[in-house]
Amino acid sequence: MSVHPFPTASNASQNTSDAEFLAELKKGFQRSGTEFARAYYLFATARLSKAYNSQEIHDRYPVLGAKETVDRLQTILKAETLAARQGDPQESEVHHLFVSAIEKYLDGRLAKENDEFENELNQLKVSVSELNLKDDKGELITELLYEDTPGYLKKISNAEIRQALYDKKSQVYQEALSGKFIDLLRQENTLMSELGHPDVRDFHSWASGHNFLQLGKQAERLLQETQSLYTERMSAHYKARTGRDFKTQATRADISYTLHGPSDDMADINAKFSQENMVPLAQKTFDRLDLRFSELAKPVDFQSMEEYNRDVVEKTDNATTPVQRILLDIARREGKPSRAYVYPATIPSEVYLSVKPEGGLDDYLSFFHEAGHAQHFAYEDPDNGYVKNLMGNNTSTESYAYLFQNLFLNRHWLEHEAGLSQEEARKVVRKRALEDLYMLRRYSSKMLFELGLFENVNDPAYTMDGQGERYAELLTRGCGFRYNPGGWTSDVDARFYVADYFTAWSLEAQLRQVLCKKFGSESVEEGEDWYLNPKAGEFLKSLWKQGNISQLSLSKQLGYDTPTDLTPLLHFMNRNL
Ligand SMILES: [Zn+2]
């Protein structure tokens with residue numbers, strides 16, 4: 001792989017004009033982004049390299065996260081803002097470069113502590129000798145890796161054992177890592193303060209374009225408006241799954257078993273989502289929308305580095321006219337992660353989409369989700385440049401991903417394309433809708449918690465004491481399952497990502513409703529057959545080619561005032577449950 005030599009922090013910030021400095025930064029972010037994507041793909045998926053050394057890549061581009069870079073970008077941004085006087089900061093390239101440089105700076109400053117934390121988490125063990133758990137071979141398990149416990153919690157049908165395993169897992173984490181997690185949060189806040197942004201909530205709101213005040217209100221509204229429907233449906237589902245009473249007995253330990261555990265009831269339906277049919281079903285669906293998925297996403301299976309370099313690196317780096325290409329890796333290699341992921345290396349010619357198909361509803365959902373991201377990236381116009389295509393927050397691209405994931409909430413598609421009976425389609429929609437409503441209420445509660453967590457953070461008397469109680473109260477109220485105070489330190493998303501997900505849900509519902517109304521048939525209930533109309537694909541492509549547009553821009557183009565208008569989402573939720 002050829003590597004572009006890059007100026008160091010000092011000469012970049014002193015000897016160049018602003019325009020040259022910005023151009024070099026863009027090139028650096030783009031080149032390092034490509035290198036990260038390739039290194040990860042070769043290591044985790046293709047298994048052609050033995051180690052993933054991200055530090056090496058970071059080290060090649062020291063200017064990207066240097067303090068001088070952050071300072072200089074801030075100066076340029078101030079001048080730009082003064083000159084423009086108004087306008088959406090999300091439209092400014094300097095804004096995105098500045099936010100990315102701050103993130104790189106924080107990542108760099110906290111790299112050692114973060115790595116230590118991750119390593120300790122990876123090695124954390126839970127002693128389970130009294131629980132009588134057996135592995136696949138029927139042998140008694142005495143110790144589990146902390147990271148493997150969720151898989152067991154999903155499978156264990158005995159409520160007492162589930163609870164005991166959850167309590168042990170929780171205790172181990174709190175003893176080893178809770179304090180370190182709080183320290184990391186504190187250190188990041190201190191660094192932000194030193195950079196001149198003592199109020200992290202304010203900074204992230206400005207950086208992401210989310211209006212946190214409005215989001216908090218919408219979260220409250222959603223919790224109130226879906227409270228009785230949720231309690232009624234979840235109580236019935238919990239009773240059917242566990243034989244227990246939801247209001248008095250349900251706890252955090254029960255959630256994944258209740259929603260995703262093995263169930264005879266779903267066996268016939270899961271069998272219809274076979275390993276082999278996953279990619280063909282996606283091809284059929286997306287091709288009919290005229291998205292040319294079979295053509296863009298040809299399966300790859302590289303046997304050697306020579307083959308990879310020839311087919312990928314050279315074709316991307318030396319292309320005179322960029323090819324549109326999704327590198328679809330569905331090979332069943334040992335050690336390859338089974339869960340689908342997407343990694344855009346270069347727009348539009350090198351978008352990795354990897355999955356090791358296992359079959360079943362949950363596996364299909366995640367593949368359709370990632371295929372949504374992959375097609376968005378592949379259809380971005382390369383002339384937009386790196387900043388417009390790949391920087392900014394994830395809300396819009398998440399809503400494109402949810403759009404395809406939510407074909408599994410579309411009765412018409414489930415019946416006519418996925419081969420389910422009318423009754424089965426209805427059952428899948430009800431199940432999916434309940435899972436989504438749970439997630440939505442969980443994210444609403446998490447968001448309220450995280451917004452409160454950083455309230456008055458720059459007050460000298462600020463403390464994180466008492467946050468556990470707030471967490472337990474909010475999450476228990478929202479989800480109906482009883483949460484413990486100790487769990488909060490393993491349930492905070494960095495830098496308010498929670499707001500992206502929450503907003504993507506309402507934004508996707510806006511998009512879906514527009515597609516149904518504009519492109520569905522009048523004879524079909526609510527226009528659910530929109531996915532058969534190539535004009536719907538054309539409309540999507542017209543959005544995608546604009547790049548990674550802001551959530552506000554997407555919502556406005558769909559005819560709404562704000563991405564957090566919940567009306568379409570609540571409509572779908574009420575209809576599907
Ligand atoms: Zn996603």
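Two residues are taken to be in contact if their C-beta atoms, placed from the backbone, lie within 7 Å. Among contacts in the protein chain between residues at least 6 apart in sequence, those that join residues at least 24 apart make up 73%. The model is a predicted one, in which local features need pLDDT of at least 70 and side-chain atom pairs count only at pLDDT 80 or more, while totals for chains, interfaces and linings use all residues. Residues are numbered from 1 along each chain as its sequence is written.

**Overall form**

The protein chain has 26 helices and 5 strands, where helices (H or I, at least four residues) and strands (E, at least two) are DSSP runs numbered from the N terminus. Its radius of gyration, taken over C-alpha atoms, is 24 Å, close to the 25 Å that the globule rule (2.2 Å times the number of residues to the power 0.38) gives for 577 residues, so the chain is as compact as a globular protein of that length. The C-alpha trace spans about 70 × 60 × 50 Å along its principal axes. A residue is called buried if 20 or more other C-beta atoms lie within 10 Å of its own, exposed if 12 or fewer, and partly exposed in between, with C-beta atoms placed from the backbone; by this count 38% of the 577 residues are buried.

The domain assignment, whose bounds come from an automatic or database source, gives domain 1 (9-109) and domain 2 (116-198), and the C-alpha centres of domain 1 and domain 2 lie 33 Å apart.

An open sheet of 3 strands has the order 3-5-4 with mixed pairing, two strands being paired if DSSP finds at least two bridges between them. Strand 3 (326-329) and strand 4 (341-346) stand at the edges with a single partner strand each, so one side of each has no neighbour in the sheet. Neighbouring strands of this sheet are turned by 20° against each other on average, direction ignored; axes here are lines fitted to C-alpha atoms, for helices over the stretch in contact, and angles run from 0 to 180 degrees between N-to-C directions.

Strand 3 and strand 5 run parallel and are joined by 4 bridges, whereas strand 4 and strand 5 (residues 350-354) pair in the antiparallel sense over 5 bridges. Strand 4 is joined to strand 5 by a hairpin through 3 residues. The following table lists residues paired across the sheet.

| Residue | Counterpart in strand 5 |
|---|---|
| Ile 326 | Val 351, bridge partner |
| Tyr 341 | Ser 354, standing opposite |
| Tyr 343 | Tyr 352, standing opposite |

In strand 5, 5 of the 5 residues are buried, so this strand is largely enclosed by the rest of the structure. Glu 350, Tyr 352 and Ser 354 point one way from strand 5, while Val 351 and Leu 353 point the other way, and all are buried. Strand 4 is likewise largely enclosed by the rest of the structure, because 5 of its 6 residues are buried. Helix 2 (residues 18-45) lies across strand 3, strand 4 and strand 5, and runs at about 140° to strand 4.

**Nonpolar cores**

A nonpolar core is a set of buried Ala, Val, Leu, Ile, Met, Phe, Trp, Tyr and Cys residues joined through C-beta atoms within 7 Å. The largest has 118 residues, and those with the most contacts inside it are Ile 326, Val 351 and Leu 353. Leaving out residues up to four places away in sequence, Val 351 touches Arg 325, Ile 326, Leu 327, Val 342, Pro 344, Ala 374, Phe 377 and Ala 378. A second, separate core of 13 residues includes Leu 144, Leu 153, Tyr 166 and Ala 253.

**Backbone geometry**

Most residues other than glycine have a negative phi, and most peptide bonds are trans. The peptide bond from Ile 347 to Pro 348 is cis, with omega near 0°, and Pro 348 is placed in the loop between strand 4 and strand 5. Asn 132, in the loop between strand 1 (125-127) and strand 2 (143-145), has a positive phi near 60°; Asn 132 is exposed, with 10 other C-beta atoms within 10 Å. Asp 290 has a positive phi near 65° and lies in the loop between helix 14 (278-288) and helix 15 (293-296). With 15 C-beta neighbours inside 10 Å, Asp 290 counts as partly exposed.
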